[in-house]
Amino acid sequence: MTSLPPTPDAADAALTAHPPRSGAVVAVLAFGGIVVSLMQTLVVPLIPDLPGLLHTSASDASWAITATLLAGAVATPVLGRLGDMYGKRRTLLLSLTMLVVGSVVCALSDALAPMIVGRALQGFSAGVIPLGISIMRDELPAERLGSAMALMSSSLGVGGALGLPGAAALAEHADWHVLFWVSASLGVVVIALVLALVPESPVRGGGRFDLVGAIGLSAGLLCLLLAISKGADWGWGSATTTGLFGAAVVVLLLWSRWELRVTGPLVDLRTTVRRQVLLTNLASIVIGFAMFGMSLVLPQLLQMPEATGYGLGQSMMTAGLCLGPSGLVMMAISPLSARITATWGPKVSLMLGAGVIAAGYGMGVFLMDAAWQVVIISCVIGAGIGLAYSAMPALIMSAVPVSETGAANGLNTLMRSIGTSTASAVVGVVLAHMTTAFGPTELPSLNGFRTAFVIGGGAALVALAVASLLPGRGPDRLTAPSERSGTPQPVAGR
């Protein structure tokens, strides 16, 4: 006999009889987010050596990065919708399993093709963070929800910042395959913890999965992100790049028309054009740009030879350690962000975060003479990112029905990915074209670094302007776990 999904009353009764251990749930989900972001930084220390390790050209080796980006962009909205329909915990476990399988494939690889396959499989774990936030909304009491979401959202930056020195240490002192065995092991640990401590949410969106919408969105995103991430290699005016941009526009327009007409769409576009959701997603693109710009500029500045007159001559390991404190700052700032959100609303948190990021980049234009100055810059920017990232889930989830939180958070995460991809392209072009001769090679110039800082600060100011247009709602109001269906009802205060 086929069992029916629990009704809202039954779901509430189940939660009352067996309340989730909220502290354990938050800790496990946040740890899962950190592991996923660690995976994304694993190959950063290997980038200069990848062509030799994989017996290929530098251009082809970059697909080890691009494959993860593309897979993650496609996975986040699709897995979010699957979570809404079939269970968020179940879909979370699927994402983590893909991380483990992809890590094992990479650990056994010595050639480009299997490495690309493994990195793409790892990319499908990008859905862990939006799914984790959605599980928190379903399972946690209202008074815990703000700080828990802030911690989960900031885990993306925390894992990236803390993973860089760890990955650099392993890359310097062990066989590079060990990086992926560590990733696989951490993934297995998270799976075991989720199975033991995270309950399955009884909340279901119902309906039939929009396969056509998933294919259309995937095709459109692949065209768009391929053009952005590989445009510098192929040439921005090349037929391949312009053709991909054109195809992305056509496919996404057709996809939008389909989503507006189909019953049970992959992405409810009518919800996404609500002022609060639309502006939050636009701000997410620009904040994602600002976050990744720091990750591209500061390591190069730290490792640039001192003989250039502005480089700091640090090793890969030291450079990673200099950027590590920013991750701790992001984690430390998340409770403050939750308090600001509870008192004045997530709009204020987002605006404050964007302003702090802009201030950090402004400092970077002038403070580039010592490693300790770079540490301060990265910590200030990290504090702003922690504030901004923590506010975004609250803005999204206070504007969408409970049954759509997975898809809505997945789409918001996708917007951040588009921002990071754009940052990679823009900052890469700036540093590649504003160079100075250093012996037989060309290195990014001092003005190139300063220009990159100005661009990052400008992006943060754009995010500040967008956030200022959000509706002012006073203290943050989210849906309590007991309100299981329909349009969210506000929970007053904290």
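In this predicted model, helix α8 (residues 128-139) and helix α18 (residues 405-433) have axes that come within 8 Å and cross at roughly 145°, where the axes are lines fitted to C-alpha atoms, for helices over the stretch in contact, and angles run from 0 to 180 degrees between N-to-C directions. Helices (H or I, at least four residues) and strands (E, at least two) are DSSP runs, numbered from the N terminus. The crossing of α8 and α18 is right-handed; a crossing has that hand if the near helix is turned clockwise from the far one by less than a right angle, and is left-handed if anticlockwise. From α8, Pro 130, Ile 133, Ser 134 and Arg 137 meet Thr 405, Gly 406, Asn 409, Gly 410 and Thr 413 of α18, with contact meaning heavy atoms within 4.5 Å. By class, this contact of α8 with α18 has two nonpolar, six polar and one charged residues, where Ala, Val, Leu, Ile, Met, Phe, Trp, Tyr, Cys and Pro count as nonpolar, Asp, Glu, Lys and Arg as charged, and the others, Gly among them, as polar.

The crossing of α6 and α10 is left-handed, and their contact has 16 nonpolar, five polar and one charged residues. Among the residues that meet there are Leu 92, Leu 96 and Cys 106 in α6, and Phe 180, Trp 181 and Ile 191 in α10.

Cys 106 counts as buried because its relative accessibility is 0%, buried meaning under 20% relative accessible area, exposed over 50% and partly exposed in between (1.4 Å probe, protein chains only). Cys 223, at 16% relative accessibility, also counts as buried. The structure holds zero disulfides, a disulfide being a pair of cysteine sulfur atoms within 2.5 Å.

Pro 444 lies in strand β2 (residues 441-444) and counts as buried, because its relative accessibility is 9%. Leu 431 is 13 residues from Pro 444 in sequence, with 5.1 Å between their C-alpha atoms. Leaving aside residues up to four places away in sequence, Pro 444 touches Gln 300, Met 304, Tyr 310, Leu 431, Met 434, Thr 435, Thr 436 and Phe 449.

Residues are numbered from 1 along each chain as its sequence is written, and side-chain values use heavy atoms, with hydrogens and water left out. Local features need pLDDT of at least 70 and side-chain atom pairs count only at pLDDT 80 or more, while totals for chains, interfaces and linings use all residues.
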